[in-house]
Protein chains: 2
Amino acid sequence: MATMHDVARLARVSVSTVSYVLTGARPISQATRDKVLAAMAELDYQPNAMARGLASRRSRILGLLMPMDERGLGATETAFVTGAAAAASTAGYHLVLSPVGGGNLDDLRRLATQRMLDGVVLMEVQLADERVTVLQEAGVPLVLIGRTGDTSALSYVDIDFEQTVREAVAHLVGLGHRRIVYVNHSAATLATGYGPALRTRDAFVSAMTGHGLEPVMIAAEDSAAGGRAALAAAFAQAPELTAVLAMNETAIFGILGELTGRGLSVPDDVSVVSMVTSPQVAELATPALTAMTSPGSALGRIAIEALLRHLDGPGGPRHQQLLPCALEIRGSTAAPRRAALVTSEPSPTGGG
Amino acid sequence: MATMHDVARLARVSVSTVSYVLTGARPISQATRDKVLAAMAELDYQPNAMARGLASRRSRILGLLMPMDERGLGATETAFVTGAAAAASTAGYHLVLSPVGGGNLDDLRRLATQRMLDGVVLMEVQLADERVTVLQEAGVPLVLIGRTGDTSALSYVDIDFEQTVREAVAHLVGLGHRRIVYVNHSAATLATGYGPALRTRDAFVSAMTGHGLEPVMIAAEDSAAGGRAALAAAFAQAPELTAVLAMNETAIFGILGELTGRGLSVPDDVSVVSMVTSPQVAELATPALTAMTSPGSALGRIAIEALLRHLDGPGGPRHQQLLPCALEIRGSTAAPRRAALVTSEPSPTGGG
DNA sequence: AATCTTCGTCGAAGCGTTTCGACGAAGCGG
DNA sequence: CCGCTTCGTCGAAACGCTTCGACGAAGATT
């Protein structure tokens, strides 16, 4: 393995000159540069990452921290990752994914404090997230995908849940639906302060109210069975429902199964919209699901770019940005079949 | 940020003594050790990973290379990752996941050649995998999850596809099924030399022949539509089929949809077994799928342990191991309702 | 023509560890 | 009681790079 010394000797220049050719930190004449580059090529020289990191106090490694639970990584999260990896690679940084779960904060602290990571992007952020505290104490530059409760001092990119819900509801209302039920994540998830669940809940209430409609929300466990139960609960609360809005990729299959089980057809009897769902998952269902598609790789890319800006100019402004989801109409939404099921005015009793 | 120097000064010993306390490379008296540990605690000392890596020529970082396509990471692959991460952490190593896709071999070469990774575990290996060549040329210790065609010089852990298929077929035959169709990955995937697809194909032929039955295999695109098409093809080739064996998590939803569309009930008319499927995915379907569950995290753990052994004693023996899948019986398999079912067209009533 | 910049290059001092050789102080057998 | 290991510690030399100060050689400015 050739070192910078070897290159310098072969090119008949000093080590520092080789370094300057590599980093561009000082001007080098074209003639010298060519000599050095030729020597590097001949020796198949590759800089040693450790030595460079030690001397420059910059590892050129960025971390993407994502809790990996047993559920696996959905296509949505995967898109964040690939977007981030591409952006990092473009900037000459490595992106490493660290599956540090919620449990081992110590592992995280070690990683952060050993100066192995120049900066970190955090995924799946809770409203109150200890990892943020740990990283801030360690002085590691930080960008979130998602938001904590208090975002005043933080940089983040997140999905615009407000807009997403508003647009999904508008789509259904535009088709003629009046009685729409929102199937959210589980009550337990809501209780832990999972931002997306809380924000969509509030947005749903506000969107429905804005249309003069009554908002009905059901919390569903993250499982097919949970979806079935949620739909049963929905029919109990709103027997005349003609549309279901859901943000729960797992439960939605139970919802669809239960609809079929009740002899109801999608979309003729009941329309279904899935939120923050990847096209791949939407296509799994029959019929394919109309969905609000997440900005995907853009989210990851923007997070990395913001992080790199923080590295270059510390003390710069925070980056806070919300990205919209795009409505993609597939086969699961249509105008409600029977006007009989449609109540043109919000009914105060809520029962039919 | 405190350095070893600071610790040494505070403890009134030399830097090397501090280092020996940390690494255990030489004996240190209990009294000195205590002094040093106290100083480290007081200063909240954390060794600098870069400096350590440079001096010892060991980064204590292991790479897990997984191609991340847009499909996302299934629960099965996620289990590999968490198992590997846990094992690495136990041994005092960091595990970084690198989403280096098939495309950017250069990125991989850079990573390998910059001496940033002590060793690598490779996932989703093809029968002929260029990444293996690149890494071997770079001299990076290597363990595969999966197998290339020629495994003579390599260490690997893989699923025992032979056993998995044999057991799945035995389960169905034991229930009384005689006409079983295997839905494999796509023809294109088979053509690229994807090991699991080829090995299960051969194992299916051999298992069926062993029972005196005729093997029928259909290649399906990785999509719901592909599953539907595959099932239609299956009925065309074997109208009297009573069981479907599948190794295609995506297509299986299309298969189930198409069965329902033809008015056939699972498991009464047709039994379905999914291979190398995580419990989470199996539970998504209605009824929940009987499946051959992959060894999951054990695979990742074993791969890391083998890799660590290679690092400690280079020139040691290769590690080559196959792990079985476990049969988990859920709701999608039962004894065939009728001795021979003859349907080649979708029938609206489904024939009670 | 004298002085001030800028340019291109060099040598050397780090960066924070590990690791090697050395060296007293014990402990040992003979 | 003398040479011999073994033990515990030290100082110094790497490891391969970045970066700072310095310094001739031009070119620009008076």
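Begin with the two chains together and select the residues at which they meet: 45 residues of chain B and 46 residues of chain A take part in this contact. The model on display is predicted.

**The interface between chains B and A**

Colour the interface by atom type. About 4,100 Å² is buried between chain B and chain A, and carbon and sulfur atoms supply 66% of that area. Next, select M50(B), H94(B) and L284(B); in chain B these residues lose the most area to chain A, and together they account for 16% of what that side buries.

Then look for polar links across the boundary. The number of salt bridges between chain B and chain A is zero, whereas four residue pairs, both members at pLDDT 80 or more, are in polar contact.

Switch to a cartoon of chain B to see which elements face chain A. Those giving two or more residues to this side are helices α4 (49–56), α5 (75–90), α6 (105–113), α11 (224–237) and α13 (279–284), together with strand β2 (94–98), of chain B. Select α5(B) in particular, as this helix gives the most to the side that touches chain A, with six residues. Colouring the side of chain B that touches chain A by residue class shows 22 nonpolar, 15 polar and eight charged residues.

Move to residues 4–11 and 15–23 of chain B, which form helices α1 and α2. These helices pack at an angle of about 105°, and their axes lie 8 Å apart. Because angles of 65 to 115 degrees count as roughly perpendicular, α1(B) is described as roughly perpendicular to α2(B). Which residues make the contact between the two helices? Show the side chains of M4(B), H5(B), V7(B) and A8(B) on α1(B), and those of V15(B), V18(B), S19(B) and L22(B) on α2(B).

**The corresponding loop in chain A**

Now select R12(A), in the loop between α1 (4–11) and α2 (15–23) of chain A. R12(A) is not a glycine, yet its phi is positive, at about 60°.

**A salt bridge within chain A**

Over all chains, the structure holds 26 salt bridges. For one of them, select D312(A) and R58(A), whose closest N and O atoms are 3.9 Å apart.

**Cis peptide bonds**

Finish at two proline residues. In chain A, the peptide bond from V266(A) to P267(A) is cis, with omega near 10°; P267(A) sits in the loop between α12 (251–261) and β9 (271–275) of chain A. In chain B, V266(B) and P267(B) are joined by a cis peptide bond with omega of about 10°, and P267(B) is placed in the loop between α12 (251–261) and β9 (271–275) of chain B.

Conventions:
Residues are numbered from 1 along each chain as its sequence is written. Chains are lettered from A and ligands numbered from 1 in the order in which they are written. This is a predicted model: local features need pLDDT of at least 70, side-chain atom pairs count only at pLDDT 80 or more; totals for chains, interfaces and linings use all residues. Side-chain values use heavy atoms; hydrogens and water are left out. Axes are lines fitted to C-alpha atoms, for helices over the stretch in contact, and angles run from 0 to 180 degrees between N-to-C directions. Helices (H or I, at least four residues) and strands (E, at least two) are DSSP runs, numbered from the N terminus. Angles under 35 degrees count as roughly parallel, over 145 as roughly antiparallel, 65 to 115 as roughly perpendicular and the rest as oblique. Contact means heavy atoms within 4.5 Å. Buried area is the accessible area (1.4 Å probe) that two parts lose on being put together, summed over both. A salt bridge is a side-chain nitrogen of Lys or Arg within 4 Å of a carboxyl oxygen of Asp or Glu. A polar contact is a pair of N or O atoms within 3.5 Å; within protein, one must be able to donate a hydrogen and the other to accept it, and residues adjacent in sequence count only if both atoms are side-chain atoms. Ala, Val, Leu, Ile, Met, Phe, Trp, Tyr, Cys and Pro count as nonpolar, Asp, Glu, Lys and Arg as charged, and the others, Gly among them, as polar.
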